[in-house]
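Hello,

Here is the structure I said I would pass on. My notes on what was found in it follow below.

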Amino acid sequence: MRLFGRKSEADAGPAEGIGEFWTWWAEARPELDAMVAAGETDRLAELIGPAVQAVHPSLVWEITAGLSANRALVVTAAGDPELRAVAHRWAAAAPAADALWEFHPSRWANLQAMELTLDVDGYELTLDKLMLGLRVPHGSLRIEVIAYHPSFTIMDDDTRTEATMLALDWILGEDDVARWVGDVSASAFEPIDAVPAVHLPGVVADLASGHQGEQWALMEGETATGARLSATVRYPLRPVDYPLFDRHITITLPYTHRDGDGLPIGPSLEALGDFEKRLAGQIGRLTGSAVLAAHMSAEGQRTFHVYADPAGDAAAHLAKLIASWKDGHPRTDVADDPGWIMISPFLS
């Protein structure tokens, strides 16, 4: 059986590591199945842990009861947006689920979470005693959470925070935590108006019900030089909804007709509107491999921010459309941005 050690910086990246993992899995499968049958969890960790770390050392893994199979292997970015695409590509490359194993790139909500006990650094927390202070700031799509559990009084801050994040993953599911939960803190004192954690999914459902379907937000601000800026942003805008879209395509279109603040008017405004419609149509034809996240106008140019799955080669598909722009010389920049850092001020 192939054994894994930690990769050096000179080693190949996650793509090759994913392929090596699944080659190893096929070879190791008989032994792994025997360990599951025998309940040899420590030995399983000794084998699976290094194999996951060979994909990326910061990925987190666990074996749990499956949704349909006997066991599920979950390999997750654990909330790190820089690694979300790696975890999802790992799962996409997995073999088909069978009676014993299935594979997931994130933790899902456990409907019996309130009956479970969480073990964190040797501390056991029964989730039915977890209390949450919940607040939704005006105009926000995220819930701020202050967590309290009687066991928090004997934990340090880091352990309390780790326990809280794990509990939220079990209660909501990791992806919905990323979608709907904002600032999280853990307290040794119960917040005023705290409610049992069992109510959190209902609060999230109420919040989500008011934001169905595609919406856009209009925003205004200033550039670093103090010029007026106008932006149109997809709302809500969350990378977790597009886990494989880690390629950032920036399309910059200069325009000649502008007002005193540098914003487009007249023929340039009409041309930009036509370009945006054609861009949306072209992205729609890419069969779910790209999304227009935002566009901004300032100082005589409009910048479109598109995020795409590198496997779809969206930049090449958009090249002809971009070249059709006649009101100045367009520019296209392509870079990897798995955390959507380039548009972080607009993330919901």
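Asp 121 sits in the loop between β4 and β5 (helices, H or I, of at least four residues and strands, E, of at least two are DSSP runs, numbered from the N terminus). The model is predicted: local features need pLDDT of at least 70 and side-chain atom pairs pLDDT 80 or more, while totals for chains, interfaces and linings use all residues. Residues are numbered from 1 along each chain as its sequence is written, and side-chain values use heavy atoms, with hydrogens and water left out.

Phi of Asp 121 is near 50 degrees, a positive value in a residue other than glycine. Asp 121 counts as exposed, at 55% relative accessibility (buried is under 20% relative accessible area, exposed over 50%, partly exposed in between; 1.4 Å probe, protein chains only). Asp 121 also belongs to a negative surface patch, together with Asp 119, Glu 124, Asp 156, Asp 158 and Glu 162. Patch residues have over 30% relative accessible area and no salt bridge, with like charges joined within 9 Å and nonpolar side chains (Val, Leu, Ile, Met, Phe, Trp, Tyr) within 5 Å. Asp and Glu count as negative, and the charge is placed at CG of Asp or CD of Glu.

Asp 313 has a positive phi as well, near 55 degrees. Its place is the loop between β14 (301–308) and α8 (314–323), and at 46% relative accessibility Asp 313 is partly exposed.

The peptide bond joining Tyr 235 and Pro 236 is cis, with omega about 0 degrees. Pro 236 is in the loop between β11 (228–235) and β12 (247–254).

Salt bridges (a side-chain nitrogen of Lys or Arg within 4 Å of a carboxyl oxygen of Asp or Glu) number 18 in the whole structure. One of them pairs Arg 29 with Asp 98 at 2.9 Å, N to O. Arg 29 is in helix α1 (residues 14–38) and Asp 98 in the loop between α3 and β3 (101–104), so the bridge ties together parts 69 residues apart in sequence. Another joins Asp 176 and Arg 179, with the closest N and O atoms 3.0 Å apart. These two are three residues apart in helix α5 (residues 174–180), about one helical turn. Through shared partners, salt bridges link Asp 176, Arg 179, Arg 238 and Asp 241 into one network.

Finally, His 88 in helix α3 (residues 84–92) is buried, at 18% relative accessibility. Beyond its neighbours within four places in sequence, His 88 is in contact (heavy atoms within 4.5 Å) with Pro 105, Pro 243 and Leu 244.

Regards

Key. Accessible areas come from the Shrake-Rupley method with a 1.4 Å probe; for residues, only the protein chains shown count as cover.
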